[in-house]
Amino acid sequence: VRLIDRATNLLHQRGLAEPTRAVPMSIMIPILQLGSMEEDNELQDLWAQLLVSAADADSEIVLEPAFIGILQNLSSRDAANLEKIYSIPGAKMALYMHELPTRVLTEKPNLEIDPSDDVQLSLGNLNRLGLIDGARFWGGGSSNRYAYQTVLGRAFMKACRGK
């Protein structure tokens, strides 16, 4: 019930009385099923926003079926970190992660600092899902000290934000 109420409110915030585009059943049914089972209100709001983005013909958002699987694999910690990473629109440079979950930085810190283990776990999941691209070194190996936004991550966030 909360999912539908939230989606209706989001539609009204866009100035719409009802959906303006038919949502394919292959998109709508999984969003309704998975979103209604979500107990975290912030994550459930992302499900509602996906549904509204799919139902708004003026949104110019293409709702990829992969977005459903991505959202299903996010924890509330992941979603909060992702929001911080994409709070810098269209960043093409490395973003420094050591101050997550509070914020990300665009300038390299004087001292190389690893994020906490909790943040590194989240960054690993975001990287696995293709929402960020972690740093790689010439000789092999990787680092969670900084990351890059991805095309998939920007599209996903656009769909989840409804803009």
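**Exercise 1.** Which element provides the largest share of the lining of the largest pocket? Identify the residues concerned in this predicted model.

*Solution.* 
Step 1. List the lining: Glu42, Leu46, Ser76, Ala79, Ala80, Leu82, Glu83, Phe156, Met157, Cys160 and Arg161 surround the largest pocket.
Step 2. Two or more residues of the lining are given by each of α3 (41-55), α5 (76-85) and α7 (151-161).
Step 3. Helix α5 supplies five residues, the largest share of the lining.

**Exercise 2.** State how much space lies in the largest pocket, and describe its lining by residue class.

*Solution.* 
Step 1. The space in the largest pocket amounts to about 180 Å³.
Step 2. Sorted by class, the lining holds seven nonpolar residues, one polar residue and three charged residues.

**Exercise 3.** Are α2 and α3 roughly parallel or roughly antiparallel? Determine also the handedness of their crossing and the residues through which they meet.

*Solution.* 
Step 1. The axes of α2 (residues 25-37) and α3 come within 9 Å and cross at roughly 165°.
Step 2. Angles over 145 degrees count as roughly antiparallel; α2 is therefore roughly antiparallel to α3.
Step 3. The two helices cross in a left-handed sense.
Step 4. On the α2 side, the contact involves Met28, Pro30, Ile31, Leu32, Leu34, Gly35 and Ser36. On the α3 side, Gln44, Trp47, Leu50 and Leu51 take part.
Step 5. Classification of the residues in this contact gives eight nonpolar, three polar and no charged.

Terms used: Residues numbered from 1 in each chain as written. Predicted model: local features only at pLDDT ≥ 70, side-chain atom pairs only at ≥ 80, totals over all residues. Heavy atoms only, no water. 1 Å grid on protein atoms, 1.4 Å probe; cavity = no way out; pocket = protein on both sides within 12 Å on 5 of 7 lines; lining within 4 Å. Points joined across faces, edges and corners; volume = space filled by probe spheres on them. Helix = DSSP H or I, 4+ residues; strand = E, 2+ residues; numbered from the N terminus. Nonpolar A, V, L, I, M, F, W, Y, C, P; charged D, E, K, R; others polar. Axes fitted to C-alpha atoms, helices over the stretch in contact; angles between N-to-C directions. Parallel < 35°, antiparallel > 145°, perpendicular 65-115°, else oblique. Left-handed = near helix turned anticlockwise from the far one by under 90°. Contact = heavy atoms within 4.5 Å.
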